[in-house]
Amino acid sequence: MLTLFCAVSGWAILMFLIWNVWITLKTGASHLKTLHQIPCSGCEYFTNDYRLKCTVNPVKACSLEALGCLDFEPKTDCCNANQKRPRKLCK
């Protein structure tokens, strides 16, 4: 009888552990989807500098508060100061 109790307890603990891992992965994936919706990296005012991330809203930049940013302007190739590739001349 004790062996049966230990076996059932072991399986219950294992199933509880698997269930907790599943819930954690599911929650993490939904949070990651939310983080990927932050528009800062595609904004004209994003500086790509850790000291000043955004010239308009530096406190909200790259956070969940930036999801509904009213100052968002799509980035243009010729006018961003910190580009990784060489600048093109604007006409």
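How many helices and strands does the protein chain have?

Solution. Helices are DSSP runs of H or I with at least four residues and strands are DSSP runs of E with at least two, numbered from the N terminus. By that rule the protein chain has 1 helix and 0 strands.

Before going on, a word on what you are looking at. This is a predicted model, in which local features need pLDDT of at least 70 and side-chain atom pairs count only at pLDDT 80 or more, while totals for chains, interfaces and linings use all residues. Residues are numbered from 1 along each chain as its sequence is written, and side-chain values use heavy atoms, with hydrogens and water left out.

**Exercise 1: surface and contacts**

Task: describe the burial, the surface and the contacts of the protein chain.

Solution. 
- Step 1, burial. Buried means under 20% relative accessible area, exposed over 50%, and partly exposed in between (1.4 Å probe, protein chains only). Buried residues make up 12% of the 91 residues in the protein chain.
- Step 2, surface. Accessible areas come from the Shrake-Rupley method with a 1.4 Å probe, and for residues only the protein chains shown count as cover. The protein chain has an accessible surface of about 7,800 Å², and carbon and sulfur atoms hold 67% of that.
- Step 3, contacts. A contact means heavy atoms within 4.5 Å. Of the contacts in the protein chain with a separation of 6 or more, 55% join residues 24 or more positions apart.

**Exercise 2: along helix α1**

Solution. 
- Step 1, the rule for rings. A pair of aromatic rings is described by the distance of the centres and the angle of the planes. Rings of Phe, Tyr and Trp (its six-membered ring) pair if their centres lie within 6.5 Å; planes under 30 degrees apart count as stacked, over 60 as edge-to-face and the rest as tilted.
- Step 2, the pair. The count comes to 1 aromatic pair. Phenylalanine 16 and tryptophan 19 have ring centres 6.3 Å apart and planes at 35°, so the pair is tilted.
- Step 3, its place. Phenylalanine 16 and tryptophan 19 are separated by about one helical turn because they are 3 residues apart in helix α1 (residues 2–35).

**Exercise 3: the cysteines**

Solution. 
- Step 1, the count. A disulfide is a pair of cysteine sulfur atoms within 2.5 Å, and the structure holds 0 disulfides.
- Step 2, cysteine 62. Cysteine 62 is in no disulfide, and the nearest cysteine sulfur, that of cysteine 40, is 4.5 Å away. The C-alpha atoms of these residues, 22 residues apart along the chain, are separated by 5.9 Å.
- Step 3, its surroundings. Cysteine 62 lies in the segment after α1 and is partly exposed, with a relative accessible area of 37%. Leaving out residues up to four places away in sequence, cysteine 62 touches Ile38, Cys40, Phe46 and Lys53. Its phi is near 60°, a positive value in a residue other than glycine.
- Step 4, cysteine 69. The sulfur of cysteine 69 is 6.2 Å from the closest cysteine sulfur, in cysteine 43, which is too far for a bond. Cysteine 69 is partly exposed at 30% relative accessible area.

**Exercise 4: a salt bridge**

Task: name the partners and their exposure.

Solution. 
- Step 1. A salt bridge is a side-chain nitrogen of Lys or Arg within 4 Å of a carboxyl oxygen of Asp or Glu, and the count comes to 1 salt bridge.
- Step 2. Aspartate 49 and arginine 51 meet through their side chains (3.2 Å, N to O).
- Step 3. Aspartate 49 is partly exposed at 22% relative accessible area, whereas arginine 51 counts as exposed at 64%.
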